[in-house]
Amino acid sequence: MHMADALISPAVGGTMWAASAGLLAWCARKIRQTLDHRLVPMMGVLGAFIFASQMINFSIPGTGSSGHLGGGLILAILLGPHAAFLVIASVLTVQALFFADGGLLALGCNIWNLGFYPAFIAFPFIYKPLAGANRATPRAWAAAILAAVIGLQLGAFSVVLETTASGISELPFGSFVLLMSPVHLAIGIVEGLATATVVAFVARARPEAVPSPAGSASLKPALIGLGIAALIVGGAVSWFASAHPDGLEWSIAKVSGREEVGGGAALHEKLARVQEKTAFLPDYGFQPAEEPAAEGEPGPEPWPAVSAGTTVSGVVGGLLVLLVAGAAGLALRPRRVAS
Amino acid sequence: MSHHIVEARDVHYTYPGGHEALRGVSFRITHGEAVAVVGPNGAGKSTLLQHLNGTLLPARGEVRIGDDPVTRDTAPRIRRAVGMVFQDPDDQLFMPTVLEDVAFGPLNHGLAPEAAAERARAALERVGMSHAADQPPYRLSAGEKRAVSIAGVLALSPDVLVMDEPSSNLDPRGRRRLMELLKSFEHTKIIATHDLELVVEVCSRVILLDGGLVKAEGPVVQVLNDEPLMLAHGLERPHSLRHRHPH
Amino acid sequence: MAMAHGGTVQRMDELAALESPAHRLDARAKAVVTFAFLVAVMSFPRHEVVALAPYVLYPVALLSLGGIPARWILKKLLVAAPFALFIGLFNPLLDRQPVALPGGLFVAAGWLSFASILARFALTVSAALALVACTGMDRLCAGLERLGLPRAFAVQLLFLHRYLFVISDEARRMRYGLALRTADGRAPSLRVYGSLLGHLLLRSMDRAQRIYGAMLARGFDGEIRILGTARWTARDALFTTGWLAFFAAARFWNLPEFAGRLLTGELR
Ligand SMILES: Nc1ncnc2c1ncn2[C@@H]1O[C@H](COP(=O)(O)OP(=O)(O)OP(=O)(O)O)[C@@H](O)[C@H]1O
Ligand SMILES: [Mg+2]
């Protein structure tokens, strides 16, 4: 789910470049300040590991297909957010330069979508507080899957925002979201499984290689993280939805050229499958994230007006998502106490 | 100059996992000597070598280079005197081109870019690799990689050369070239290796290590000719010695 | 796809090691011009197709100057196409507003923007590939660093590029060993995968540790210093100003239309 240059306007590309470059510079400074020079070769080699790891697949039970590691979350677990972000950015840069994956103008978007969310949202706010000290427990697995899914959802969502804001693709916001979201839910689960498995193995074989979370685990940061994610998504969705009140049905009918939703849904499924293929094969199941720059963006026509009313409904929707996510967090809790 | 003397006194080292790799190693190597460290896999050779430039620090005992004990504080200084060639050249050749890689050390030691490049070229010349200066290291053959890693160390003008398995992965010609090269160095040389023919040709003294302890030490011919001793430590009497000293 | 990783990078490095006038240009000149190119191409309105044509000149010029085989670039374009193609295909379906073409034809506006997406895609991707193929990762990183890329990131790119081969080789050997021991050639279960990749990860970390030792042995103090042999010459200045002027001209005047009118005017 790399953004392509061809779908992006210079305004969006430039904004995301600025955001990613700023974050990159900040991370580079942070890393210097740690004075941990071991990080220099470690980051380079782990970046190469992420590439190499994609040569090895595992079979996903019951589907006949296979998945592999994406990278953002495991890097954050091993290196911490700052170094992880730098490594992800370098991997994406090499992909853009050598494999034409993404493209240079879209590189800012891709670094943001696949780097910021796993490193600075999913890891610190979801995985870290929920995983607990022992990385081999079911709880740590659940935390990895939840973190990967949320990271990827936010990233996929950013792709949609950036594409829509660029106004080069005609795909309406709503159907684009519907296209991306389920696919990235699947990718997220696969990514979470792969991450958790590898981390559990390494933690067992060599505990000192996996930094353990500092202090006692608490659910609060996780809830905060989920809350932020839910509010951003909810707010943005309702904001767009209000601009295209007829959003989905309209677009599906139009896409399919038929009025029955059935036909549209079938086509939609087919398209999703195509996207799934393209996402599983030529792409890397990296994490995505959400786009904070969105609010200020004075983009071209497809950007709907912000109104207080819709943002309120967005917040309500966000709270609903928060509730569901909170339930998931609570479900994890007993196991934490037990362990 | 006194830096040419290398001394280990009762060196112990235990890896974080709990494995006791060195259990009291002592020896003294003087100016200009070429000493081989031999022993079976897992004997502790690499571990010992890493103590000579402070990559590892002993848990007990000490290593002295000249008059300086190797400690965290002296290590940066010691590393200027003790050049280390690692077992896998891929670990050592990390810069994008051969010239950049050989210049890495001189640049770190404060030389201006032109002077560092000058030194790097001279070192490449010395090992016969000038033609590869602009190539990326990963495209070289195993022998060429080895030569370049040696150049990278020579560019620092060390007093002591420490090498871990320098002839591994080399074809006979590459190995022959390497031995000629090593023989041409006047540095104090400490070479960990399984290649006993190389020991016979290049070194004057042998330290036999097994299980983290020195099991034997002495002139090459004497130690390597001791068949029972060699067999007891997973080694073989080299052919060249059989021919030279037929029983 | 991943199988090709090592090969793809290696092929690119081989091309980058060629000797040509394009390769001899300073990395900074090529980077700046390529970036200006991307911005210029992307800044066109979304239905624009014809006015993009002059921009083909830049990647074509750089690639032929650099002796880069056309087949290679075309293959890369095909491999990279799916996402842009997939998203772009919605345009003709969704934007049905008719647009008049010369000669009295009408076409849905979506087709125009779809064509525009494809054109942009081909232009930007080939320009980016041409940049790397005619420069090489090491010179590009050194050049970008001198243009302000944070040193830590430049070094990260260099190390990543360097160890891509080494770690990929290890992964390839593992996969081969696995293939020898599995009967049906299916991907391994998650369990086996975890230990396989876990081993690869541990080995990678050990390698990083050894590299660090080797760096320390040669005086590493946290700072990677680069020789920086590149020199900016008059040719680089000419290359840069020439292309920037051309991009600006092609952006502000519709050169193909202009040429067309000139031609038809003359014929009449
Ligand atoms: N990083 C490490 N962590 C834990 N144990 C280690 C580590 N490196 C080496 N060891 C152990 O220490 C012992 C000595 O290892 P060392 O590498 O010094 O042996 P060696 O004599 O160089 O062997 P070889 O001939 O195979 O190179 C071995 O048993 C090895 O398993
Ligand atoms: Mg060894």
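Tutor: Buried area is the accessible area, taken with a 1.4 Å probe, that two parts lose on being put together, summed over both. This is a predicted model: local features need pLDDT of at least 70, side-chain atom pairs count only at pLDDT 80 or more, and totals for chains, interfaces and linings use all residues. Residues are numbered from 1 along each chain as its sequence is written, chains are lettered from A and ligands numbered from 1 in the order in which they are written, and side-chain values use heavy atoms, with hydrogens and water left out.

Student: How much area do chain A and chain C bury between them?

Tutor: About 7500 Å², with 78% of it on carbon and sulfur atoms. Of the area that chain A buries against chain C, A:Met55, A:Phe98 and A:Glu170 supply 11%, more than any other three residues.

Student: And how many residues does the contact take from chain A and chain C?

Tutor: It takes 81 residues from chain A and 81 residues from chain C, where contact means heavy atoms within 4.5 Å.

Student: How many salt bridges are there between chain A and chain C?

Tutor: The count is one. A salt bridge is a side-chain nitrogen of Lys or Arg within 4 Å of a carboxyl oxygen of Asp or Glu. Here A:Arg206 pairs with C:Asp206, and the closest N and O atoms are 2.8 Å apart.

Student: Which helix gives the largest share of the side of chain A that touches chain C?

Tutor: Helix H2 of chain A, residues 39–53, with 13 residues. Helices (H or I, at least four residues) and strands (E, at least two) are DSSP runs, numbered from the N terminus.

Student: New topic. Where is C:Gly194 found?

Tutor: In helix H11 of chain C, which covers residues 190–217.

Student: Is C:Gly194 buried or exposed?

Tutor: C:Gly194 counts as buried because its relative accessibility is 1%. Buried means under 20% relative accessible area, exposed over 50%, and partly exposed in between (1.4 Å probe, protein chains only).

Student: What does C:Gly194 touch?

Tutor: Leaving out residues up to four places away in sequence, C:Gly194 touches A:Thr197, A:Val198 and A:Phe201.

Student: What about chain C as a whole: how many helices and strands?

Tutor: Chain C has 13 helices and two strands. Buried residues make up 51% of its 268 residues. Along the principal axes, the C-alpha atoms of chain C fill a box of roughly 75 × 55 × 30 Å.
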